[in-house]
Amino acid sequence: MSNDFLQMHLKAVMSCLVIFLYKVHTTKAGQFFSSGHTNNWAVLVCTSRFWFNYRHVANTLSVYRSVKRLGIPDSHIVLMLADDMACNYRNPRPATVFSHKNMELNVYGDDVEVDYRGYEVTVENFLRVLTGRLPPSTPRSKRLLSDDRSNILIYLTGHGGNGFLKFQDSEEISNMELADAFEQMWQKRRYNELLFIIDTCQGASMYERFYSPNLMALASSQVGEDSLSHQPDLAIGVHLMDKYTFYLLEFLEEVHPASQANMNDLFKVCPQSQCVSTPGHRTDLFQRDPGSVLITDFFGSVRKVEITKDTINLTSPVEPPIQRSGSGDIQIESLTYVDQLPVAEIIHQKPKQKDWHPPDGFILGLWTLILLVFFQTYGIKHLKHIF
Amino acid sequence: GLVFLSSEFGVDQFQEELVIRPLHSGDIYASFQFRTLWDTDFLQERQKVSHYRLFPKSLGQVLSKFSVRELHISFTQGFWRTMQWGQPFIPSPPGAELWVWFHDTVSDVDGNWKELTNVLSGIFCASLNFIDLTNTVQPSASFKPLGLGNATDHRFLRYATLPREIVCTENLTPWKKLLPCGSKAGLSVLLKSEKLFHSSFHSQAVHIRPVCQDEQCTSKAWELRQTLNVVFDLYTSGQGKKEWSLFKMFSRTLTEACPLATSSKVYVDITDNPELSPATPLLSQAVVLGDRRTYSVFDLTRAETFGQLRSLNLLLRWKGDSGGMLRPLLHAERYVAGFGLQTGEIHTVIYNNHPYRAFPVLLMDSVPWYLQLYIHTLTVTSKSRDNKPSYIHYQPAKDRHRPHLLEMLIQLPPHSMTEVTVQFERALLKWTEYTPDPNHGFYVGSSVVSALVPSMVAMNTNFTQDQPLFSSFVPVKEESSYFVRVYTEPLLVNLPTPDFSMPYNVICLTCTVVAVGYGSFYNLLTRTFQVDEPSLPLAKRLANLIRRIRGVPLLA
């Protein structure tokens, strides 16, 4: 009897466990489909030029590295770097960009694709990428081809002030322009949800003016505060990274594609004791509760996985040999390579026919003046002497 | 091993090759060539090609969409030092260079060119979209096609160079992805960016042209050559010792050939008798650039090349003094003379080091419009006597539309130095045309010197299928001379730069002057003045009140 009792007890415990696990499973599955996005994009911008702004490029590359590691492919990342630090002649270790002076982590890596570089990183190009209003000949890798089910991560870093961000030391973007660009994106349904992270001085001023829905913003410092850099490296000679992004990278290195870390953890990155400045965030325009938003919703990528239990037979394609048209009968004369420097031909080259253009500008004005004076002096009736 | 059907059907063929040549200065020169031969002619048959095997799809689509006959694009970091290193197998100027021959069925060449540069900037992650009509030229005699063909109408040629373009891992990554084996197998495992960019010279290029399909040359095939030339410095990567190994150069060793390659070889230049290990009995001689050299050949498709350890690490050591280097017969330099920010003079110096033969060279100069050349000051002197060129083509610049193009065919006397000088004036650009860092200066692209240099050794004019790739890049028409192209240094010129804070200063000053000056003037003219009764003290006010009641005149 004790055996039966034990068995019944065991069965009850097992069924409870099964029900409990099932519940957990459904909530996990439910959470997976609750975010509502089907693809992820990232726009990562470094706006500073010159060697002493090495840290801004390192910031952007560390976010790029994390985002790639968590699954977003290069075709869905628009990376804009205003200057080249890795192959800069001042870099003692070419093709590397380090985040820490221990030189352990090369954030530049071996497989990097920069879409906009050097002089191409301008306010105009940035706004065109966001709103999608690019010239028709722009290649796909330079476009943000998002739709209304895309979650977009936008990361900006550089030098900024109260209400503006400097691009390459020659122009600036204001917080109003940025807010308007996001509104354009919303009206054109170019995003489902957008996470905006900015690491500059007085960064919180850049998200003050947002007014479109589904935007969440993070900044490294409040208005009136400066964002500070982490530490200099005496071998390379410049500051390697900013404090906020350094701790953000440390946090993201712990995140893996199946991680359940949510936005509240991200808000806690780099408190004032570590960062000296106070990081800020803004969630009032966001519809979901930040605690239910996973980090991988923005930093990772949705993968479509289809599980099948049937085996599929692949037939190996055997290509039939291509029949060359008319083996030898039609083409008898052999083709030749072009002479690289035909001296005689060059010397006796005829000048090429220039297309005739009607005279313009000064010559036209001069002739008009001459004709006017002529007809003024002699009158129209003397025209018959000419014709 | 996999069964390869491709070689039987002859549709696509891939060959890879690495040439290692120790240079006289102690540096070492490594030249990779990856060649894909594609047996199709979609321009003739008007068929839409949809099946790509070894030939990369991105480039195949570019060729068919823009009706490209030949495409040559190169990205270079550093400058090739001809006097110390000799002539390179594939020359290239610093920065990015793109020249394209379009098919003669194209009606709008400029439109195709503009779109092509945009597409290529996306493929290679480079800012090639800055190539527009202000830096594109149409050479009239230089840059003849390197592939098959007969008619050469230069209206279908476009040439542009971006001397400022940086080459880094982001350009190497898509370049490696075009290879059939990627960077996973074969010679491309050696291409690690941390070592390649830590060098004196790095150049990667893509050359597409129509070539003979076989030795009879009755039909055309498309050839894609991806070349990578790198020169490792003796002191930065070699630690000052004249001993080199594959591991020291690339931090990798070779373990296998690319399975898709029909031939995978490593040639090591042993003409100057360095010590080479592992030793190999296979030797080959080739005449390249007028010089007969001996090479040790390692065939990676054979398993015994890799030995017991299944890895091949070549070790090269110099034995004492290696003797003199063959002096390059043609060499060119260029510099800017003058002082100040208004005028200057461009000097191009071309050296003919052949002891008794004179030969003609074609010099092509493309100068941006903001350096206004005064062609009446153009002088060409050899051995301090005037040397009149037998052909001059000059197309003047049009401000903001076209650059200057100067092409001259100059006969160089033997053992001489020829100097070409032309004076210029610097233009003041509009405020918005300056780059964000204008004090760096503005670049002028390299001059190109093309010549058929008389050869000391008979060149090989026969075309064979198993010729090494480095000797078959430039087609050889006659035995007594070889074609060479020499690039000069690019110039860095400072333009008069305005003070960019002046608009801000002017606005502040003007607004202040207007506010203070005009404001007070306006007030003076339009303000009416009223005499104001001063307020009286309390006692006097009470007294006035009483006086008003009494009807007596008030106090002041």
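User: Contact means heavy atoms within 4.5 Å; on that rule, how many residues does the contact take from chain B and from chain A?

Analyst: This is a predicted model, in which local features need pLDDT of at least 70 and side-chain atom pairs count only at pLDDT 80 or more, while totals for chains, interfaces and linings use all residues. Residues are numbered from 1 along each chain as written, chains are lettered from A and ligands numbered from 1 in written order, and side-chain values use heavy atoms, without hydrogens and water. Both chains contribute to the contact, chain B with 69 residues and chain A with 46 residues.

User: What area is buried between chain B and chain A?

Analyst: The area counted is the accessible area (1.4 Å probe) that the two parts lose on being put together, summed over both. Carbon and sulfur atoms give 57% of the area buried between chain B and chain A. The total is about 5,200 Å².

User: Which residue of chain A meets B:Asp437 in a salt bridge?

Analyst: Six salt bridges (side-chain nitrogen of Lys or Arg within 4 Å of a carboxyl oxygen of Asp or Glu) are found across the interface of chain B and chain A. In the bridge made by B:Asp437, the N to O distance is 3.1 Å, and the partner is A:Arg49.

User: Which element gives the most to the side of chain B that touches chain A?

Analyst: Helices (H or I, at least four residues) and strands (E, at least two) are DSSP runs numbered from the N terminus. The top contributor on the chain B side supplies six residues, and this element is H6(B).

User: How many residues apart in sequence are the parts that the pair of B:Phe34 and B:Trp175 ties together?

Analyst: The two rings form an edge-to-face aromatic pair (centres within 6.5 Å; planes under 30 degrees apart are stacked, over 60 edge-to-face, the rest tilted; Trp by its six-membered ring), at 6.1 Å centre to centre and 75 degrees between the planes. B:Phe34 lies in strand E2 (residues 28-38) of chain B and B:Trp175 in helix H6 (residues 169-177) of chain B, so the pair joins parts whose separation in sequence is 141 residues.

User: Are B:Phe34 and B:Trp175 buried or exposed?

Analyst: Under 20% relative accessible area is buried, over 50% exposed, and in between partly exposed (1.4 Å probe, protein chains only). B:Phe34 has 2% and B:Trp175 has 0%. Therefore B:Phe34 is buried, and B:Trp175 is also buried.

User: What is the angle between the planes of A:Trp51 and A:Tyr54?

Analyst: A search of the whole structure finds 34 aromatic pairs over all chains. A:Trp51 and A:Tyr54 form an edge-to-face pair, 5.3 Å centre to centre. Both A:Trp51 and A:Tyr54 are buried. The angle between their planes is 85 degrees.

Technical notes. Contact means heavy atoms within 4.5 Å.
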